[in-house]
Amino acid sequence: MALVASPVLRQEIPSKSGSQNEAKRASTIGDLSETLKRSGEQRIPDYLELCDEDLSTSASGVHEDRESLGDYQVPVIDFSMLQTDRRTLVQLLGDAARSWGCCQILNHGISVECLQQLIAESYKYFERPVERKQQTKSFVGDHTTFKLSSLYWAESLMIWARQDLDAQVLSAWPEGNDSFRDLAAQYFKGTEELTKQLFKLYAEDLGLESDFYSKHIDSSQLIVRWNYYPACPNPSTILGAKSHTDLNMITMLLQDQVGGLQVEREGRWFNVKPIEGSLIVNIGDGFHVWTNGIYKTVVHRALVNTSKPRLALAGLWAPPDTLDYTAPDALVGANHPRLYKSMKAGEYHQNTLEIRNMADMSNGQREHSKLLLGTDLLRHWRI
Ligand SMILES: O=C(O)CCC(=O)C(=O)O
Ligand SMILES: [Fe+2]
């Protein structure tokens with residue numbers, strides 16, 4: 001697979017104004033996107049590192065054609081089977097977690113209108129003037145300065161779903177925004193109920209006590225990251241979110257209808273097609289370890305496009321630092337020996353950050369990219 005090599009691209013893409021790439025660093029990616037659009041400039045400024053991943057959409061890169069794919073599409077699961085056919089639902093969820101590490105869920109109990117309105121309100125936030133957004137405590141306008149972040153051509157807003165929501169909404173909307181707050185509260189509550197159910201069903205699939213995972217939800221954090229990816233003049237050279245796995249247990253993703261999320265399976269990339277009203281469930285590194293690698297942490301990334309911004313809400317379920325990720329004996333057997341050393345959730349996070357910090361000081365971008373992947377990081381923990 002040919003990698004996109006940044007020096008080649010820099011020569012190939014003509015710059016309209018020679019001085020543009022020495023331009024002052026824009027304060028947010030949205031700001032940069034607007035500046036480039038106004039000037040007709042296609043080239044991404046030199047201060048941003050370009051991408052060393054294969055972004056081709058050729059047949060060998062991305063697989064979209066449902067007919068020819070057979071089983072090779074991200075599973076879409078109808079959660080209303082909880083009432084009619086629990087056994088099949090358990091099996092479908094388990095199969096998806098073992099093979100893909102993700103699935104899309106329909107009829108999950110949160111209304112389609114709530115999701116649509118939440119996305120519409122969220123766009124209004126990111127379309128505000130830069131100065132207003134910068135007053136928000138948890139707004140990040142340019143992730144490209146943080147090498148440790150998977151978000152790249154993106155802005156983000158974080159909300160801690162279980163902390164004082166009013167105060168957080170007021171920080172984002174000093175003049176208040178009841179509609180945004182009520183929709184977010186409704187969404188958080190629905191997400192929590194769905195995650196509890198999911199953990200029970202996953203435990204059933206694995207042959208564990210039904211509340212084995214779900215009993216830890218009450219002591220966990222739900223951190224919801226609003227990811228806003230502005231339109232990009234040159235999407236073949238930069239990613240919205242670089243390839244990564246989520247460090248936490250499980251992530252609930254809500255994406256708008258623009259598209260751009262891809263997941264990796266067996267070295268190939270697959271688009272996760274937007275389905276109105278669906279939620280995407282990603283297995284993270286924590287759940288991978290806690291199931292002795294039976295469920296797979298999923299490598300994923302987000303592409304950007306020239307015409308439209310894109311919005312995705314990533315609800316990251318993070319357990320307390322003291323939670324022991326050691327897989328239960330029931331998930332260890334002659335054919336499936338214990339894969340990982342004992343570890344606590346906090347230890348894994350801490351260790352990962354330390355490794356990344358060290359790499360940040362000594363290595364280049366390519367080496368660093370690997371540190372966003374639990375599939376690589378977890379090698380350090382192998383028995
Ligand atoms: O934009 C997306 O769809 C994915 C975002 C994501 O993976 C993350 O925030 O961890
Ligand atoms: Fe992610």
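User: Is T136 buried or exposed?

Analyst: The model is a predicted one. Burial is judged by relative accessible area, and a residue counts as buried under 20%. T136 has a relative accessible area of 4%, so it is buried. This residue lies in the loop between α7 (130-134) and β4 (139-140).

User: Which residues does T136 touch, not counting those up to four places away in sequence?

Analyst: T136 touches Y125, L157, S171 and A172.

User: How should I read a sheet, and in what order do the strands stand here?

Analyst: Strands of a sheet pair through backbone hydrogen bonds, either parallel or antiparallel. In this model, eight strands form an open sheet with mixed pairing, in the order β2-β3-β11-β8-β13-β6-β5-β4. The edges are held by β2 and β4; each has a single partner strand, so one side of each lacks a neighbour in the sheet.

User: How does β3 pair with the strands beside it?

Analyst: With strand β2 (residues 76-78), β3 pairs in the parallel sense over three bridges, and V76 has Q104 of β3 as its bridge partner. With strand β11 (residues 279-283), β3 runs antiparallel, joined by four bridges; here C103 is partnered by V281 in β11. Strand β3 itself covers residues 102-106, and four of its five residues are buried.

User: Which strands are joined to β13, and by how many bridges?

Analyst: Strand β6 (residues 221-229) is antiparallel to β13 and joined to it by nine bridges. One point to locate is V224, which stands opposite G315 in β13. Strand β8 (residues 250-255) also runs antiparallel to β13, through six bridges, and T251 has L316 in β13 as its bridge partner.

User: How many residues of β13 are buried, and on which faces?

Analyst: In β13 (residues 310-318), nine of its nine residues are buried. Both faces are covered. On one side stand R310, A312, A314, L316 and A318, and on the other L311, L313, G315 and W317.

User: How is the packing of two helices described, and what are the values for α5 and α9?

Analyst: Two packed helices are described by the angle between their axes and the distance between the axes. Helix α5 (residues 86-99) and helix α9 (residues 178-206) pack at an angle of about 85 degrees, and their axes are 9 Å apart. Angles of 65 to 115 degrees count as roughly perpendicular, so α5 is roughly perpendicular to α9. From α5, the contact involves R86, L89, V90, L93, G94, A97 and R98; from α9, it involves L198, L201, Y202, E204, D205 and L206. By type, the residues of this contact are eight nonpolar, one polar and four charged.

User: Which strands does α9 lie across?

Analyst: Helix α9 lies across β3, β5 (155-160), β6, β8, β11 and β13, and it runs at about 135 degrees to β8.

User: Which residues are the protein donors of the iron ion (ligand 2)?

Analyst: The protein donors are H244 and H300, each through NE2, and D246 through OD, at 2.1 to 2.2 Å from the iron ion. Along the chain, the donors follow the spacing H-x1-D-x53-H. H244 belongs to strand β7 (residues 241-244) and H300 to strand β12 (residues 300-302), so the pair ties together parts that are 56 residues apart in sequence.

User: Are H244 and H300 buried or exposed?

Analyst: H244 is buried, with a relative accessible area of 7%. H300 is buried too, its relative accessible area being 5%.

Methods
Residues numbered from 1 in each chain as written. Chains lettered and ligands numbered in written order. Predicted model: local features only at pLDDT ≥ 70, side-chain atom pairs only at ≥ 80, totals over all residues. Heavy atoms only, no water. Buried < 20%, exposed > 50% of the residue type's maximum accessible area, 1.4 Å probe, protein only. Pairing = 2+ DSSP bridges. Axes fitted to C-alpha atoms, helices over the stretch in contact; angles between N-to-C directions. Parallel < 35°, antiparallel > 145°, perpendicular 65-115°, else oblique. Contact = heavy atoms within 4.5 Å. Nonpolar A, V, L, I, M, F, W, Y, C, P; charged D, E, K, R; others polar. Donors = N, O, S within 2.8 Å, 3.2 Å for Na, K, Ca; no water.
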